Amino acid sequence: MMQLRVEHDRRGEDHKTYNSLIKLCMKLNDVDMAFGLINCMEQSKHVRITTGSIDILLKVSNTV
């Protein structure tokens with residue numbers, strides 16, 4: 001997960017990458033990984049959290 005942050009934070013639209021990975025975690029029922037990705041996203045200085053990200057976060061929260 002950390003390598004993902006380092007390699008992808010520079011691109012500007014990386015919220016799409018994180019959102020896609022979080023959606024994949026949801027399909028795999030891996031809530032812990034989804035929350036880990038959200039945590040990395042929040043800590044990043046380059047990835048902006050969008051309304052789509054918040055929507056996914058709410059879906060993850062509802063599954064817990």
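Biologist: How many helices and strands does the protein have?
Modeller: The protein has four helices and zero strands. Do keep in mind that this is a predicted model.

Biologist: Noted! What pattern does the protein follow along the sequence?
Modeller: Reading along the sequence gives α-α-α-α.

Biologist: And what percentage of the residues count as buried?
Modeller: Of the 64 residues, 34% count as buried.

Biologist: Let's go inside, then. Which residues make up the largest nonpolar core?
Modeller: That core has eleven residues. They are Tyr18, Ile22, Cys25, Ala34, Leu37, Ile38, Cys40, Met41, Val47, Ile56 and Val60.

Biologist: Which helices each supply at least two residues of this core?
Modeller: Helix 2, helix 3 and helix 4 each do.

Biologist: And which helix gives the most to this core?
Modeller: Helix 3 does, with five residues.

Biologist: OK, stay on helix 3. Which of its residues are buried?
Modeller: In helix 3, the buried ones are Ala34, Gly36, Leu37, Ile38, Cys40 and Met41.

Biologist: How far does helix 3 reach from its first C-alpha to its last?
Modeller: Helix 3 has 13 residues and reaches 18 Å, close to the 18 Å expected at 1.5 Å a residue.

Biologist: Now helix 2. Which residues are buried there?
Modeller: Asp14, His15, Tyr18, Asn19, Ile22 and Cys25 are the buried residues of helix 2.

Biologist: Where do those buried residues fall, seen down the axis of helix 2?
Modeller: They fall within an arc of 140°, so they line one face of the helix. As a rule, an α-helix has 3.6 residues a turn, so residues three or four places apart point the same way.

Biologist: How far apart are the end C-alpha atoms of helix 2?
Modeller: They are 20 Å apart, which agrees with the 20 Å that its 14 residues should span at 1.5 Å a residue.

Biologist: What about Met26, is it buried, partly exposed or exposed?
Modeller: Met26, which sits in helix 2, is partly exposed, because its relative accessible area is 22% and buried means under 20%.

Biologist: How far is Met26 from Val60?
Modeller: In sequence, Met26 and Val60 are 34 residues apart, while in space their C-alpha atoms are 7.1 Å apart.

Biologist: New topic: what follows helix 2?
Modeller: Asn29 follows helix 2, in the loop between helix 2 (14-27) and helix 3 (31-43). Asn29 has a positive phi of about 60° although it is not a glycine.

Biologist: On to helix 4. Which residues are buried there?
Modeller: Ser53, Ile56 and Val60 are the buried residues of helix 4. Seen down the axis of helix 4, they fall within an arc of 65°, so they line one face of the helix.

Biologist: Which residues are exposed on the other side of helix 4?
Modeller: Thr51 and Asn62 are exposed there.

Biologist: How far apart are the end C-alpha atoms of helix 4?
Modeller: They are 19 Å apart, which agrees with the 18 Å that the 13 residues of helix 4 should span at 1.5 Å a residue.

Biologist: Which side chains meet in a salt bridge?
Modeller: Those of Lys59 and Asp55 do, at 3.6 Å from N to O, and the count comes to one salt bridge. Both residues lie in helix 4, four residues apart, about one turn of the helix.

Biologist: How exposed is Asp55?
Modeller: Asp55 is partly exposed, with a relative accessible area of 38%.

Biologist: And how far apart are Asp55 and Asn19?
Modeller: Asp55 and Asn19 are 36 residues apart in sequence and 9.8 Å apart in space, C-alpha to C-alpha.

Biologist: Last one: which residues make a nonpolar surface patch?
Modeller: Ile49, Ile54 and Leu58 make one of about 270 Å². Leu58 is found in helix 4 (residues 51-63) and is partly exposed, with a relative accessible area of 49%.

Key. Residues are numbered from 1 along each chain as its sequence is written. This is a predicted model: local features need pLDDT of at least 70, side-chain atom pairs count only at pLDDT 80 or more; totals for chains, interfaces and linings use all residues. Side-chain values use heavy atoms; hydrogens and water are left out. Patches are made of residues with over 30% relative accessible area and no salt bridge: like charges are joined within 9 Å, nonpolar side chains (Val, Leu, Ile, Met, Phe, Trp, Tyr) within 5 Å. Accessible areas come from the Shrake-Rupley method with a 1.4 Å probe; for residues, only the protein chains shown count as cover. A salt bridge is a side-chain nitrogen of Lys or Arg within 4 Å of a carboxyl oxygen of Asp or Glu. Buried means under 20% relative accessible area, exposed over 50%, partly exposed in between (1.4 Å probe, protein chains only). The expected span of a helix is 1.5 Å times one less than its number of residues. The arc is that of the directions from the helix axis to the C-beta atoms. A nonpolar core is a set of buried Ala, Val, Leu, Ile, Met, Phe, Trp, Tyr and Cys residues joined through side-chain atoms within 4.5 Å.
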